Amino acid sequence: MLTNSQPQLHTDRFWGEASAVTAKRILMTADTVGGVWTYALELGGVLSKQGVEVALATMGAPLTPQQWEAAKQISGLQVFESYFKLEWMEDPWDDVQQAGNWLLDLEERFQPDVVHLNGYVHGALPWKSPVLVVGHSCVLSWWEAVKGEAAPSNWQRYQREVAQGLAAADLVVAPSVAMLAALKTHYGSSFQDRVIPNGRDSGLFSPLEKKEFVFTAGRLWDEAKNVAVLEQIAPQLIWSTYVAGNQKHPDGRADSINRLSKSNIHWLGHLNSQELAVWYGEASIYALLARYEPFGLSVLEAALSGCALVLGDIPSLREIWGDAAVFVPPDERDAIASAINTLIADSPRRYQLATRARTRALEYTSELMASRYLTAYQELIHKRELMSLESLANS
């Protein structure tokens, strides 16, 4: 046992040894119904190449055969599947509690160096490992942006539980400054934080021979994506618009709109990643008139594919894309139609914007994202070891 007269000497000595320790085992959560799945596989793939074992605990819905196949391609990735409801779903709390017990059991079995949560509420569990929580989106900021008002009172428990999870985390990460600001606005700021932008493998997306059409992709059931505005303005556009995405809500509800292809808009349904890459590659313009988008992986994929970007004028997309996109208020239909038609008519401008977007997109690499997370993991491990040593020194 260290005595009170010797703590600094021994702490420094062991701290130097702890600095050489790296993260080798990560327990990560992911939902299977949105972009978090893509993000988790992207990050897990790069980490595995660097010798890190990742245990991926999935929730929300069963994995599709395509998702299982994608996961199998990553060596060093173990997938633990569950069907527990996610915290933003209707009446989820019994499932959230059961999922917490399941996750603690996985921690005991896997013995991770760091627990990486892509949700909030489980941050408050009695973890043995350091905990990093990533804020990909949240109900309260979504509601405010999409509905134009505060979330109703039935979301108070969600707000309380999320705030507790954030406050308990050792580090909170967001993919944009805008998303981090939203978390602090709605849940307080009593947590350590950092911004780590998302990344994508540029080798998966490349410009093909461009064709004369507008493209968008996303969850059609999510009002935040604002796909309906493209449907409304499609008759005004010079080119046809093609829309890819799932119309079925994760809770089983289908979008109430019966979307049939018309003369100037075509609904492609769900496309797999290879099919999407072709559509991105051939599209001349990618339009995402989002009312709410904490980062926007689809925009990154489109930019890597050489699309000119027309985006909703919201803080997060401005932050990420700067002068590499055309921004339009997401609910001003005439302005959106005018912006797209102007770009259609001006091929030099369209090419210039596409070039800027691809150049900027190449900065958001999966390797840089993984490097920043590894740094964060390392810091959490060091901090936990130092705290243990200080506790031992003072005992």
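Q: What makes a residue buried, exposed or partly exposed?
A: Buried means under 20% relative accessible area, exposed means over 50%, and partly exposed lies in between.

Q: Why is aspartate 170 called partly exposed?
A: The relative accessibility of aspartate 170 is 21%.

Q: How much confidence does the predictor place in the protein?
A: This is a predicted model. The pLDDT averages 91 for the protein, and 90% of the residues score at least 70. Over residues 1-19, however, the pLDDT is below 50, and this stretch has 22 contacts in the model beyond near neighbours in sequence.

Q: What makes the pair of aspartate 170 and arginine 384 a salt bridge?
A: The side chains meet at 3.4 Å, N to O, and the definition asks for a side-chain nitrogen of Lys or Arg within 4 Å of a carboxyl oxygen of Asp or Glu. The pair therefore meets the definition. Aspartate 170 lies in the loop between helix H6 (156-168) and E6, and arginine 384 lies in helix H14 (residues 366-394), so the pair ties together parts that are 214 residues apart in sequence. Arginine 384, at 25% relative accessibility, counts as partly exposed.

Q: Why do lysine 128 and glutamate 108 count as a salt bridge?
A: The closest N and O atoms of lysine 128 and glutamate 108 are 2.7 Å apart, and the cut-off is 4 Å; the pair therefore qualifies. Lysine 128 lies in the loop between E4 and E5, whereas glutamate 108 belongs to helix H4, so parts 20 residues apart in sequence are tied together.

Q: Is lysine 128 buried or exposed?
A: Lysine 128 has a relative accessible area of 58%. Exposed means over 50%, so lysine 128 is exposed.

Q: Why is lysine 225 called buried?
A: Its relative accessible area is 11%, and buried means under 20%; lysine 225 is therefore buried. This residue is placed in the loop between strand E8 (211-217) and helix H8 (227-233). Not counting residues up to four places away in sequence, lysine 225 touches Arg219, Leu288, Leu289, Ala290 and Glu293.

Q: What makes E3 and E7 the edge strands of the sheet?
A: The open sheet has seven strands in the order E3-E2-E1-E4-E5-E6-E7, with parallel pairing. Strand E3 (77-81) and strand E7 (193-195) each pair on one side only.

Q: How do you know that strand E6 pairs with E5 and with E7?
A: Pairing requires at least two bridges. Three bridges join strand E5 (residues 131-134) to E6, and three bridges join E6 to E7, so both pairs meet the requirement. Leucine 132 stands opposite leucine 171 in E6, and valine 172 stands opposite aspartate 193 in E7.

Q: What makes both faces of strand E6 covered?
A: On one side Leu171 and Val173 are buried, and on the other Val172 and Ala174 are buried. In a regular strand the side chains alternate between the two faces of the sheet.

Definitions and conventions: Residues are numbered from 1 along each chain as its sequence is written. This is a predicted model: local features need pLDDT of at least 70, side-chain atom pairs count only at pLDDT 80 or more; totals for chains, interfaces and linings use all residues. Side-chain values use heavy atoms; hydrogens and water are left out. Helices (H or I, at least four residues) and strands (E, at least two) are DSSP runs, numbered from the N terminus. Buried means under 20% relative accessible area, exposed over 50%, partly exposed in between (1.4 Å probe, protein chains only). Contact means heavy atoms within 4.5 Å. pLDDT is the predictor's confidence in each residue, from 0 to 100.
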